[in-house]
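Visitor: I would like to go through the aromatic rings of this model. Please show it first.

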Amino acid sequence: MTAESAVRVRFAPSPTGFLHVGGLRTALYNYLFAKHHNGTFILRIEDTDQSRKVEGAVENLISTLDWAGVHYDEGPQKEGQFGPYVQSQRLKIYSEHARRLIEKGNGYHCFCTPERLDQIRQKQIAMKLPPAYDRHCRDLPPEQSAMRVSSGEPHVIRMKVPIGGEMTFEDIIRGKVTIAHKILDDQVLVKSDGFPTYHLAVVVDDHSMHISHVIRGEEWLSSTPKHILLYKYFEWETPQFAHLPLLLNPDKTKLSKRQ
């Protein structure tokens, strides 16, 4: 197997609680896939949501993986050449990539207040429409946006999703998947506190860490078109995706962390 085709996979939990059986199963699939292909298994801590961070969760994640015999090759305490492997230590990298998106016209500053966003959401719910941002700030003149940012006005950065058309991609488990652009939101990529959301950070990190296969739960399937769009905007090669079925209770309901 050449270096170009080397298998590199990752398990990327958020430290918002202790590791549960669903997360452990995802880690195990990634670990076994890497070992089968003589590849590399990476642990990355996705802690950009600081408000939900649980004290001791990272230590629990590492000790539980160790207990289960799921040993990672690169990650916290095992630094490789693509670290750091904790997202809160990579903020400058995300900021630079968000700036690139805006410069290329694939992202924009949004100045809508939480109150306005809530009003839009309530109106859409009343009309039985799926809640989504109304793209109010999408076409603001760049000079005006820059002036408002420099004045210190609170804002987020959103990605520009194509208005029409659809996205088709291949999933290793599910085969061909097609999702219309119109059901995708202009996703927030950088929050008002300067921290990236999952969607920007995961794409930047997977590319930077040379991830070849993204193996994760099916709850992320609907986010995959947004991630593929970001790969296209950055002109990067897209990894292969595999979305695992959810763990279910005997009555077919989703197995929750409490259970």
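Visitor: Which residues do ring pairs link into a cluster?
Guide: This is a predicted model. With Phe234 included, the cluster linked by ring pairs is Tyr231, Phe234 and Trp236.

Visitor: How many aromatic pairs does a search of the whole structure find?
Guide: One of them is the stacked pair of tyrosine 198 and tryptophan 220. Its centres are 4.2 Å apart, with 25° between the planes. The search of the whole structure gives a total of 4.

Visitor: How many residues apart in sequence are the parts that tyrosine 198 and tryptophan 220 tie together?
Guide: Tyrosine 198 lies in helix α6, residues 198–208. Tryptophan 220 is in the loop between β8 and α7. So the pair ties together parts separated in sequence by 22 residues.

Visitor: Is tyrosine 198 buried or exposed?
Guide: The cut-off for buried is under 20% relative accessible area. Tryptophan 220, at 30%, is partly exposed. Tyrosine 198 has 18% relative accessibility, so it counts as buried.

Visitor: Which residue lies over the face of phenylalanine 111?
Guide: Charges sit over rings here too. Lysine 78 has its charged end over the ring of tyrosine 72, 4.8 Å from the centre. Over phenylalanine 111, at 4.2 Å from the ring centre, lies arginine 148.

Key: Residues are numbered from 1 along each chain as its sequence is written. This is a predicted model: local features need pLDDT of at least 70, side-chain atom pairs count only at pLDDT 80 or more; totals for chains, interfaces and linings use all residues. Side-chain values use heavy atoms; hydrogens and water are left out. Rings of Phe, Tyr and Trp (its six-membered ring) pair if their centres lie within 6.5 Å; planes under 30 degrees apart count as stacked, over 60 as edge-to-face and the rest as tilted. Helices (H or I, at least four residues) and strands (E, at least two) are DSSP runs, numbered from the N terminus. Buried means under 20% relative accessible area, exposed over 50%, partly exposed in between (1.4 Å probe, protein chains only). A charge sits over a ring if NZ of Lys or CZ of Arg is within 6 Å of the ring centre and within 35 degrees of the ring normal.
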